Amino acid sequence: MENPKSEIKIPTMAEMAAEGKEPEILFWVGCAGSFDERARKITRDICKILHHVGISYAVLGTEEGCTGDPAKRAGNEFLFQMQAMMTIQLLDGYNIKKIVTGCPHCFNTIKNEYPGLGGNYEVIHHTQLIQQLINDGKLKAEGGESFKGKRITYHDPCYLGRGNNVYEAPRAALEFLDTELIEMKRCKSNGLCCGAGGAQMFKEPEPGKKDINMERVADVIEAKAQVVAAACPFCMTMLTDGIKHQDKQQEIQVLDIAEITVKANGL
Amino acid sequence: MIAQFIFIIVLAAAVYLFSKNVAKIRRNILLGRDVNRSDQPALRWKVMAKVALGQTKMTKRPVAAVMHFFIYVGFIIINLEVLEIMIDGIFGSHRIFSNPLGGLYGFLIGAFEVLAVLVLVACVVFLCRRNLIRLKRFSGTEMTQWPKSDANYILITEVLLMTAFLTMNAADYKLQLLHFEHYVKAGSFPVSSLLAPVLPNNASALVIVERVCWWFHIIGILCFLNYLPYSKHFHILLAFPNTYYSNLNPKGKLTNMASVTTEVKAMLDPSFVPETTGEPGRFGAKDVTDLTWKNLMEAYTCTECGRCTSVCPANITGKLLSPRKIMMDTRDRITEVGNNIDKHGKDYHDGKALLGDYISREEIWACTTCNACTEACPVNINPLEIITELRRYAVMEESQAPASLNNMFGNIENNGAPWKYSQADRFNWASEQ
Ligand code: SF4
Ligand code: SF4
């Protein structure tokens, strides 16, 4: 069934600037959110939420580029700083003050590593935005699928959790839906990485006994979750692959917090 | 009189040797590059009080935490007793605090005895965990003969010291009951009085037991002190400065390299005039002297407990990488560099390096930068920082990244994304359903 509400026009910074307008917040999509098939859907869902609550926002569209995070973690500081300085020029050119990201890696880099290079912005991750919207009463859980009593577990992305101590916002967004939030044996500050960080996403793993995502998916299966909630496009890929590999895609869904929010509100 | 003389000589020698070795370690640490870790002193004191003094990060593993706490508290408090031993040793007195402290003295000695038993129990449990139960955390490629023996030596020494302490008290107690010579009634002996029956009843034999244990106890402690600089047990001292100089930034934040900033600015803006910043260093780290003094201090602080390795996703899944090994290799290498300086002067190069001779490329490329190791470390050590510096060297100085990562760099450079997609397609998601 087609949902007419999903046909929304996404505003870009360039268009806004041409009309002499400045949005309240920039939605930084990120490379995965722009190119990865599954992540693109999550990107559109984040836009649906922004649209639904009526925040004035815009994206950079084709002007956006890599923050430089994977280059930096892989040791290529030159490339990182080149990307960072070009991005800062772009952001400052549009006089951007506040940014919401769809990716914990972009979030971490812009928030923590850009200030030292002259880029100072207020940066939040989309799960934090969702929590704020819920707290402000702007986002309800009505008109969509019910998650009441569903066994959902949350996989902490390293760069949101340990990296920046954001543990509660994503959980609050899930608890708001009256789900049965269950924790895996390794969670929060003890959470296990999905295996994609530090530029591992872009290379083959070193020889070993097994892949890291399989180790993590074993935790998900052990927790007997119906849904594993993610908040990072790379975790999304790793978890989805792992669950497929275990042939569990019938029993366990992998959903981003933004997707769950959109479903719960029928957006 | 002769006893006092011997005691003073032994004490002076022990203190001298210890300070010499500590000075050497300090010199080695300062071979590292400079980094500013002196901002926000109030917060730093707080972190130190919490993590080192309060041992808050130990609580994640409750059994180890409780046992370690016994040893820690026991050791600190029983060392008050050592103060008395020192004074007695120098002035030839016996239990000099018993008179001025009166009733409190009895209570203190009683408390020391209870603690000594707790320390004994904890040491035995730890020895069992290492040698009988063989916890996985205490094995691994880096846990070769020496680190394994090191841990056992320490535990056995502590068992012996505590046993000597209790036997000494038992003999003293018995002599007190006999009203023998200067063994006046002092202290209370809730534990050692139970040992009394196994000791001889003859006063002169008791005096021998008491004196032998007294000397064994104090010389044991002085030997232990001098063993510290060679051992993972050095953490009992370095844990404090190491946590004081902790990284206070969010864990996700990596340092931006100032030397690179200058070059990138010059590339983007030809009119940019860089400030001259002295000699151009290496990008990243090839050897230990390219690391910061804080990295090196951490290497000397590492207790080889393996908490980091046991939570490392790479290690758990059978990769070669072990964050504990990163720290132990760094320590071994900086010790070697220091010894070379002592032997051959400061310009000597042995042709070896941390990257390659100690830590392999396979290890550094397996890291996901997940920060599980830094989170787990009870004394706030950061193995990830060293891994990152080694990667920086491999990429920027040697151009030796794995081929797939070089592709990723190329993509970012050419089309602004780590994959080979055209920049023009970046906004296509908006027009899909
Ligand atoms: S940051 Fe690297 S070394 Fe540390 S636990 Fe994670 S993968 Fe292991
Ligand atoms: S780095 Fe920390 S956690 Fe790892 S072995 Fe050393 S002391 Fe233990």
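**Close-up views of a two-chain predicted model**

Between chain A and chain B there are 34 residue pairs in polar contact, both residues at pLDDT 80 or more. A polar contact here is a pair of N or O atoms within 3.5 Å; within protein, one must be able to donate a hydrogen and the other to accept it, and residues adjacent in sequence count only if both atoms are side-chain atoms. This is a predicted model, in which local features need pLDDT of at least 70 and side-chain atom pairs count only at pLDDT 80 or more, while totals for chains, interfaces and linings use all residues; side-chain values use heavy atoms, with hydrogens and water left out. Residues are numbered from 1 along each chain as its sequence is written, with chains lettered from A and ligands numbered from 1 in the order in which they are written.

**View 1. Where chain A meets chain B.** Chain A brings 71 residues to the contact and chain B brings 60 residues (heavy atoms within 4.5 Å). Together the two chains bury about 5700 Å², 65% of it on carbon and sulfur atoms; buried area is the accessible area (1.4 Å probe) lost when two parts are put together, summed over both. On the chain A side, Phe35(A), Phe78(A) and Phe202(A) lose the most area to chain B, together 14% of what that side buries.

**View 2. A salt bridge across the interface.** Look for Arg44(A) and Glu432(B), whose side chains meet in a salt bridge at 2.9 Å, N to O. The rule (a side-chain nitrogen of Lys or Arg within 4 Å of a carboxyl oxygen of Asp or Glu) finds four salt bridges across the interface of chain A and chain B.

**View 3. The enclosed helix α11 of chain A.** Eight of the nine residues of α11(A), residues 257-265, are buried, so this helix is largely enclosed by the rest of the structure. Buried means under 20% relative accessible area (1.4 Å probe, protein chains only), and helices are DSSP runs (H or I, at least four residues) numbered from the N terminus. Among the buried residues are Ile257(A), Glu259(A) and Asn265(A). At the helix start, a side-chain oxygen of Asp256(A) comes within 2.8 Å of the backbone nitrogen of Ala258(A). Just after the helix, Gly266(A) has a positive phi of about 60°.

View 4. The residues around ligand 2 include Cys302(B), Cys305(B), Cys308(B) and Cys377(B), along with Arg324(B) and Met327(B). Helices α12 (307-311) and α14 (323-344) of chain B each give at least two residues to this shell.

Conventions
A residue is near a molecule or strand if one of its heavy atoms lies within 4 Å of it. Buried means under 20% relative accessible area, exposed over 50%, partly exposed in between (1.4 Å probe, protein chains only).
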